[in-house]
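Subject: Structure handover

Hello,

Here is the structure I said I would pass on.

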Amino acid sequence: MALTWLVIQTALYLALAPLVLGYIKKAKAYLQGRRGPDIRQPYRDLVKLWHKETVTSRTASWITRAAPLILFATTLAAAVLLPTISLASAVYLRYGDILTVIYLLATGSFFLALAGLDAGSAFGGMGSSRESLLAALLEPGILLALSVPVLTAGSTSIRRLVGASLSPAVLLLPAHLLALGAVFLAAIAETGRIPVDNPDTHLELTMIHEGMFLEYTGRPLALLNWAVQVRQLLVLTVVANLFFPWGLALVPQPVSLGLAGAVYLGKLLLLGGGLALVESVYAKLRLFRAPGFLWAISFLGLLALVSRYLFRGAH
Amino acid sequence: MFPLFFSGRGRKVAIFLKLALTLLGLGLAGNLAGAALSCALRRLSSLSRWPSVAAGAACLGYLAAGLAVLLGEGTHVVVLPMFHPLGGFSLSLDPLAAFFLCVIGLVGVAASLFGQGYLRHLKGRDLGSVGAWYNLFLLSMALVVTGANAVTFLFFWEGMALSSYFLVVSKKEDPAARQAGFVYLVMAHLGTACLVVLFLWPAAQIHSLAFARMAILWPGLPAGEKTILFLLALVGFGSKAGMVPLHVWLPRAHPAAPSQVSALMSGVMLKVAIYGLLRVVFTFLGVGPVWWGLLVLGLGVVSALLGVLYALMEHDLKRLLAYHSVENIGIILMGVGVALLARSLHLPALLMIGLLAALYHILNHAVFKGLLFLGSGSVAQATGTGDMEKMGGLIHRMPWTAGGFLVGAAAISALPPLNGFASEWLTFQALFGLGYHPVAWWSGLAGTLGVAALALTGGLAAACFIKAYGVTFLALPRSRAAEKAAEVPRSMNLGAGILAASCFVLGLFPSRVAAVLRPAVAALGGPHPPPPGSFFTLASGMGGASLSPLLLAAILVVLLLATRFWSGRMPERLSATWGCGGTLGATSEYNATSFAKPFRIAFAFLFRPVREINSGYEVSPFFRHSLHYRGEIRFLFEEYLYEPVRSFLLELADRFRQVQSGNLRTYLAYLFLTLLALLAVNNKWL
């Protein structure tokens, strides 16, 4: 039973992730008055890359070959820790905690950044360097924002975090709302979107994240892209289910599961639309302005914490 | 036979303790033999490995002795009747000492194994004296942690400082090493001076230098005096531990020593200083006011952040690692600070988590920092340089060294499921716990700010090791030396391999490790951690949290294999890296400076970088024949703290020079006047 759920959860993430990307692209195009690519385009891109030849740099070592596998595996391992539609869906939820999720994602990023430096191209190095700066500066913001639910739940365990946010008294606390704001901004930065990074560009002056992918082709590139899509879905799930866990099926019955699935999709639609809106309204920041944005996330998180200590609310 | 005292339960304990004592004695004898051997064989370079062998055997003894006490859970005191006027040397093997003995032993074994191969190729150093001081260094560290009175402690504390000083300056022709050694000596003695006062001042009242008496009588001292003693301990031990702002000697001295000594200095000697701090603050001083904990926590945060930021700016591999030691001491101090706060606020569960986090990270940092320093030693031996800008591509030529260094880099970046993650996870839990317990808003905020600082530190450390690993081991070689580098001998890699394996073991079995650490935590006044289960669970902290690296590792392995199997053997074509139409060379790669540049700009308020570009041209600036770039950062503490003190002292010395006439009769007059003054004071004439 447990193993079945693990497989189902993994499959759900893998299947849904490209669709979410397609949806965000479509929503963005709609907001900008374009028709945009088909919503299924990310699937086609993955299939196309999967069947292409793999060309690897002569200077590259095993790091380049291992990085896509490591990124893929760590992202999925982190993803199955988070509940999507049911609290029972993540088998090792009992042993899953939010710090493990964050550090699993960091593991993938670590190897990806190493791969960026591996081929000896200046673009890869540039991507690694910039990405690790932004990731490092984002880290305190994420943890400060997550501190609010962690302190409410009294635990970093995901099951308890979800349980604590289920209480309606928590939702309207100013601390919870401020933390939600901080974590949404953090999600923008974490998924590499405007105003921090632009996912659609391959211009060396503006790209950050894509720089590390430049030397990849074929199947490894498909794996990398897919992993990044799963990661995006994972980040949205953190916002959706850790801060608004309503709709999660508490018992694994077909009806409640179906309902939970619909609610989950609804939340993703809303959040993805939010990302598309922000991307359409704002311009990308200069690289050296981005730290200011990231510091602002930390300050918002800090504000949430201070307000938590000031207005002690229901607990 | 020496007088022996046992405390503990039953026969099993007595057997364990006898075993531990024997092993400790064997270890000490091994080190002494190694030192003597080294002096005797200094002319025969073909036998230079034997002092390292002796040291390795001695460390095995220390490790086994420490484990025997931790598993047997008892205390053992042995008094050696020597130097009676000062109270004699006496040794005690309690669980806290045993834990630190384990740390010394584990890293010592690996470093000695590495040293066998490494010393043979060491150029410009006197091998005989290196071997002798190396053994004495290990011996002093073992005796510092087992010392049971202030005399033993201070004597071997000084021995530890001096033997490591001689190892730092062992490269005789290098003026930078001599200067580093001088700075080290000054800072070490600043610390020792504080410690002498720390131990001797209360002795006037309690009439004892024995640690056991101190533990009973110090808590009764007046609060004001205890505060001064706490500050003396903080400065005395902090200067040795590399706590900011007393860290300036560390990035200078550690890289100057031979690499296996750097591993011991960074991995172990700093921890011996933390041992002193824990011993004095937790077992002697008793419960203190809340600001003690806040101060230690704050110093931990500052040390962690500044350590990692300066490490990012550093392009010498060993100096970079030395700055990371400052960072990790900061993380350890965060755990200690939480424990101190918890003790003052009467939160026993949190006290336990804080202490466990600190001790666990002490062990882990010793292991992965030792591993990284050994790796840097192999790289330095293969390329003949420590400058990262002259390396590159070593993963192809030195696969084993590169593998070991990668494990160390991942562990220090706290990547699961390695050991760094387990102890940083615990430190996070300790800080969250401080935020959770509603004692006061400021303690909560201090805890969560600590969480943010630790998160930032973790992110920056990962970035720094991406830089260190990427520039040293990946891409194209940046110099001829890096092109010609070859893998080092097997014994050196074996030493690193022991530590790499330890990174996995300590990371995968945190509940077992916590069980072994239990007596040491209890010795510091913390309640016992929960009994070992298959998962590491902190039920007593906040609401509870669990960590299961083993399950995580299993899932990761399954996913990795599944992905590997599913994506199949990819048909692969090799081609050149895309170079925008040109050919790529080593000069067009990203190097350490360029990698760190965004960090330098983002943290310019701290680094205040200086940049200078000189271009030489004759006709027009567009046709240059030369271009010189110089960039450097300025160091806050050197500039605003040490430089004023230094110039003040020099000026003072200049003033005093005026009393030196060089005339013998003047000096005799000084002597006479001093004598009169002393007589006057002594006989109360005034």
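Of the 24 residues in α2(B), 19 are buried, so this helix is largely enclosed by the rest of the structure. Bear in mind that this is a predicted model. The helix covers residues 49-72 of chain B, and at 1.5 Å a residue it should span 34 Å; the C-alpha atoms at its ends are 35 Å apart, which agrees.

Where the chains meet

How many residues of chain B touch chain A? There are 68 of them, in contact with 68 residues of chain A. Several elements of chain B each supply at least two residues to this side, among them α14, α16, α21 and α22, and also the strands β5 and β6. The largest share, 16 residues, comes from α17(B). By class, this side of chain B has 46 nonpolar, 18 polar and 4 charged residues.

The partner of α17(B) to look at in chain A is α5(A). Helix α5 (residues 122-153) of chain A and helix α17 (residues 441-473) of chain B have axes that come within 8 Å and cross at roughly 160°. Angles over 145 degrees count as roughly antiparallel, and therefore α5(A) and α17(B) are described that way. Their crossing is right-handed. On the α5(A) side the contact includes Ser128(A), Ala135(A), Glu139(A) and Leu143(A), and on the α17(B) side it includes Val451(B), Ala455(B), Gly459(B) and Ala463(B). This contact has 14 nonpolar, 7 polar and 1 charged residues.

Helix pairs inside chain B

α17(B) also packs against a helix of its own chain, α12(B) (residues 317-344), at an angle of about 160° with the axes 11 Å apart. These two helices are therefore roughly antiparallel as well, but α12(B) passes α17(B) in a left-handed crossing. Among the residues that meet here are His324(B), Glu327(B) and Ile331(B) in α12(B), and Leu454(B), Thr457(B) and Ala461(B) in α17(B). The contact divides into 8 nonpolar, 5 polar and 1 charged residues.

Another pair is α4(B) (residues 127-146) and α5(B) (residues 150-168), with axes that come within 8 Å and cross at roughly 150°. They are therefore roughly antiparallel to each other, and the crossing is left-handed. Contact residues include Trp133(B), Phe137(B) and Met141(B) of α4(B), with Phe153(B), Trp157(B) and Met160(B) of α5(B). By class the contact has 14 nonpolar and 6 polar residues, and no charged ones.

One residue in chain A

Is Pro42(A) buried or exposed? It has 22 C-beta neighbours inside 10 Å, and the cut-off for buried is 20 or more, so Pro42(A) counts as buried. Pro42(A) is found in helix α2 of chain A, which runs over residues 41-50. Leaving aside neighbours within four places in sequence, Pro42(A) is in contact with Pro18(A), Leu21(A), Gly22(A) and Gln229(A). The C-alpha atoms of Pro42(A) and Asn225(A) are separated by 9.3 Å, although these residues are 183 apart along the chain.

Regards

Conventions: Residues are numbered from 1 along each chain as its sequence is written. Chains are lettered from A and ligands numbered from 1 in the order in which they are written. This is a predicted model: local features need pLDDT of at least 70, side-chain atom pairs count only at pLDDT 80 or more; totals for chains, interfaces and linings use all residues. Helices (H or I, at least four residues) and strands (E, at least two) are DSSP runs, numbered from the N terminus. The expected span of a helix is 1.5 Å times one less than its number of residues. A residue is buried if 20 or more other C-beta atoms lie within 10 Å of its own, exposed if 12 or fewer, and partly exposed in between; C-beta atoms are placed from the backbone. Two residues are in contact if their C-beta atoms, placed from the backbone, lie within 7 Å. Axes are lines fitted to C-alpha atoms, for helices over the stretch in contact, and angles run from 0 to 180 degrees between N-to-C directions. Angles under 35 degrees count as roughly parallel, over 145 as roughly antiparallel, 65 to 115 as roughly perpendicular and the rest as oblique. A crossing is left-handed if the near helix is turned anticlockwise from the far one by less than a right angle, and right-handed if clockwise. Ala, Val, Leu, Ile, Met, Phe, Trp, Tyr, Cys and Pro count as nonpolar, Asp, Glu, Lys and Arg as charged, and the others, Gly among them, as polar.
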